[in-house]
Amino acid sequence: MNIALLVIVLFLVLAVGLALRARRGRDMDLEQWTAGGRGFGAIFVFLLMAGEIYSTFTFLGGAGLVYGSGGAAYYILGYGTLAYILSYWLLPAVWRYCTPRKLLSQADFFVARYDSRSLGVIVSLVAVAAMIPYLALQLKGLGIIVSQTSSGTISSTAAVWIGAFVLSMYVVASGIHGSAWTAAIKDVLTLSVVVFIGLYLPIHYFGSIGAMFHQIDASKPGFAALKGDQLSPVWFSSTVLLTALGFYMWPHTFGSALTARNEDVFRRNAIFMPLYQLLIAFVLLVGFVAVLKLPGLGEGETDGALLGISQQAFPGWFVGLIGSAGMLCALVPGSMLLIASATIVSRNIYRGLNPTASDATVTNLTKLLVPVIALGAVAFVFAGGQTIVTLLLLGYALVTQLFPALVLSLVRPGWVTKAGAISGIVVGLAIVAAMTFSGATPGSSTTLDTLVGGLPSFLADLNLGVVALVANFAVTALVSTATRSGDEGARVAEDEPRFSRVPEPAAERARTV
Amino acid sequence: MKVQHVLAGLPFLGILVGMFFANSVEPYVLGLPFAMFWVVMWVVVSAGLMAVVYRLDSRDRLRERGDRS
């Protein structure tokens with residue numbers, strides 16, 4: 001075993017050890033975070049939100065997108081910022097609605113707002129469908145880290161299986177608690193590693209960041225801006241819009257809105273969160289270094305750019321640290337995604353369809369689903385063709401379909417009817433599915449022209465998810481107008497929820513997983 | 001529409017619409033290609049704008065409370 005792999009294994013042992021410790025209840029209480037303790041101050045919520053958001057996608061995918069497509073990667077810098085601005089108004093509104101009603105999840109919100117159990121099931125289906133590619137992306141990242149640091153001794157196929165095994169094992173070890181310490185180690189390690197290599201590599205190879213970009217422009221003119229074909233400004237803007245709107249539609253990011261002590265926490269966070277986004281710029285710089293100093297990565301290998309260039313420039317133990325940061329970036333959010341999706345399937349979908357199901361049945365189902373969902377994500381990785389970024393964008397295309405029904409129900413209560421919300425989401429989902437499975441390699445492209453040929457470029461380069469979102473919105477509005485009658489719709493639910501709901505924290509349900 | 005909404009809308013204009021005009025490698029600013037600098041700049045500006053929005057909202061809330069009492 002080489003030293004890099006050894007360091008990574010040590011960090012893995014540490015993470016699992018901390019998780020086991022957390023399980024015995026001697027850790028910061030992450031359960032409160034997941035299940036909505038509603039008692040956190042600004043700094044802790046800031047750290048947890050930031051920790052949940054940064055995943056393999058930022059770490060390996062960002063540099064990979066630079067390597068493959070240059071300036072298109074700037075979208076990663078932009079969308080979070082716009083999402084935080086939206087959060088200034090969105091999260092307090094969600095919090096104000098959910099807190100007095102003791103709602104614990106996104107599905108609960110929809111059930112209450114639209115007084116519809118079936119909408120809760122549909123929303124949960126969308127959420128799980130979106131989380132599978134997100135999960136697949138973490139596995140792909142883990143696979144890349146393992147196979148690259150082993151210098152190819154472990155094949156990438158074997159590495160993905162190892163990644164799935166490690167993730168499932170971590171989930172079994174940590175349960176719903178996770179470990180706030182692991183999350184903290186991950187944040188500190190990632191932040192210091194990324195800032196260091198983002199500054200060191202350009203200076204080491206080129207003398208300065210400016211000199212590097214001049215050299216890139218000399219050998220690849222226009223590469224550091226958006227190119228004309230496909231990933232054009234049209235793609236950039238529609239992708240930023242899609243991902244900014246979808247940012248808080250994920251069950252785990254939505255859930256973070258329920259944890260704060262008061263709504264002012266969100267407003268203050270909206271000031272500081274955009275700055276955290278600057279961390280990504282350092283990842284992009286590493287990607288640009290690799291463009292010149294690590295030429296010749298094939299189309300499917302671009303996600304390996306960051307580790308590849310690190311191996312070229314640093315000694316083994318340091319590559320191990322970088323790999324460990326990457327591993328934790330996959331493990332921490334990956335485990336949360338895995339638990340969240342298993343819990344949603346058993347609690348919101350299975351129980352939504354069988355309201356009489358016993359607690360024991362639901363708990364057992366959750367346990368059983370962890371490996372099943374992990375396998376689903378493995379299958380998604382092997383379906384092939386996608387990079388980390390295209391996987392994430394597929395997830396976003398799906399999850400953003402919840403945006404119209406969620407936001408309109410807060411902005412104009414009663415305007416969107418139950419039927420309107422359901423038909424809008426279903427239409428959006430159908431369009432994304434049709435677009436995803438129509439190409440030669442499912443989900444490998446994110447632009448409209450893969451589905452419809454011969455479009456003018458301002459339409460052809462549109463992000464698929466945005467097209468579905470527009471159709472979704474139109475259908476939501478039309479069906480709502482047709483079905484609205486006087487006092488029907490969400491307004492009823494706002495005054496007095498008609499359903500009877502037994503409060504049961506997700507945490508308690510899944511504690512034994 | 002309140003001034004807060006206008007301020008918060010500026011980054012949307014800057015990033016979503018502005019990119020069509022800022023999409024260029026040159027001129028380099030702080031060593032960065034212009035397109036990258038443009039987005040980085042809006043990230044920083046957004047934080048500043050939201051700080052102003054927060055101030056204005058707090059002031060409005062105080063004033064409302066003052067009117068009531």
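**Exercise 1. Decide whether A:Thr81 is buried or exposed, and find what surrounds A:Thr81.**

Step 1: A:Thr81 has 30 C-beta neighbours inside 10 Å, so this residue counts as buried. The cut-offs are 20 or more other C-beta atoms within 10 Å for buried, 12 or fewer for exposed, and partly exposed in between, with C-beta atoms placed from the backbone.

Step 2: Before going on, note that this is a predicted model, in which local features need pLDDT of at least 70, side-chain atom pairs count only at pLDDT 80 or more, and totals for chains, interfaces and linings use all residues. Residues are numbered from 1 along each chain as its sequence is written, while chains are lettered from A and ligands numbered from 1 in the order in which they are written.

Step 3: Now place the residue: A:Thr81 lies in helix H5 (residues 75-101) of chain A. Helices (H or I, at least four residues) and strands (E, at least two) are DSSP runs, numbered from the N terminus.

Step 4: Look for partners beyond four places in sequence. A:Thr81 is in contact with A:Pro274 and A:Gln277, and also with B:Pro11, B:Trp42, B:Val43 and B:Ser46 of chain B. Contact requires C-beta atoms, placed from the backbone, within 7 Å. A:Pro274 is 193 residues away from A:Thr81 in sequence, yet their C-alpha atoms are 4.8 Å apart.

**Exercise 2. Describe the side of chain B that touches chain A.**

Step 1: Count the residues. In this pairing, 26 residues of chain B are in contact with 32 residues of chain A.

Step 2: Assign them to elements. Helices H1 (3-17), H2 (19-22) and H3 (34-68) of chain B each supply at least two residues of that side. H3(B) gives the largest share, 12 residues.

Step 3: Sort by class. The side of chain B that touches chain A has 22 nonpolar, four polar and no charged residues. Here Ala, Val, Leu, Ile, Met, Phe, Trp, Tyr, Cys and Pro count as nonpolar, Asp, Glu, Lys and Arg as charged, and the others, Gly among them, as polar.

**Exercise 3. Work out how H7(A) and H18(A) are arranged.**

Step 1: Read the geometry. Helix H7 (residues 117-149) and helix H18 (residues 388-399) of chain A pack at an angle of about 170°, their axes 8 Å apart.

Step 2: Name the arrangement. H7(A) and H18(A) are therefore roughly antiparallel to each other, a label for angles over 145 degrees, with under 35 roughly parallel, 65 to 115 roughly perpendicular and the rest oblique.

Step 3: Check who makes the contact. Among the residues involved are A:Val126, A:Ala130 and A:Lys140 of H7(A), together with A:Leu391 and A:Gly395 of H18(A). By class, this contact has 15 nonpolar, two polar and one charged residues.

Technical notes
Two residues are in contact if their C-beta atoms, placed from the backbone, lie within 7 Å. Axes are lines fitted to C-alpha atoms, for helices over the stretch in contact, and angles run from 0 to 180 degrees between N-to-C directions.
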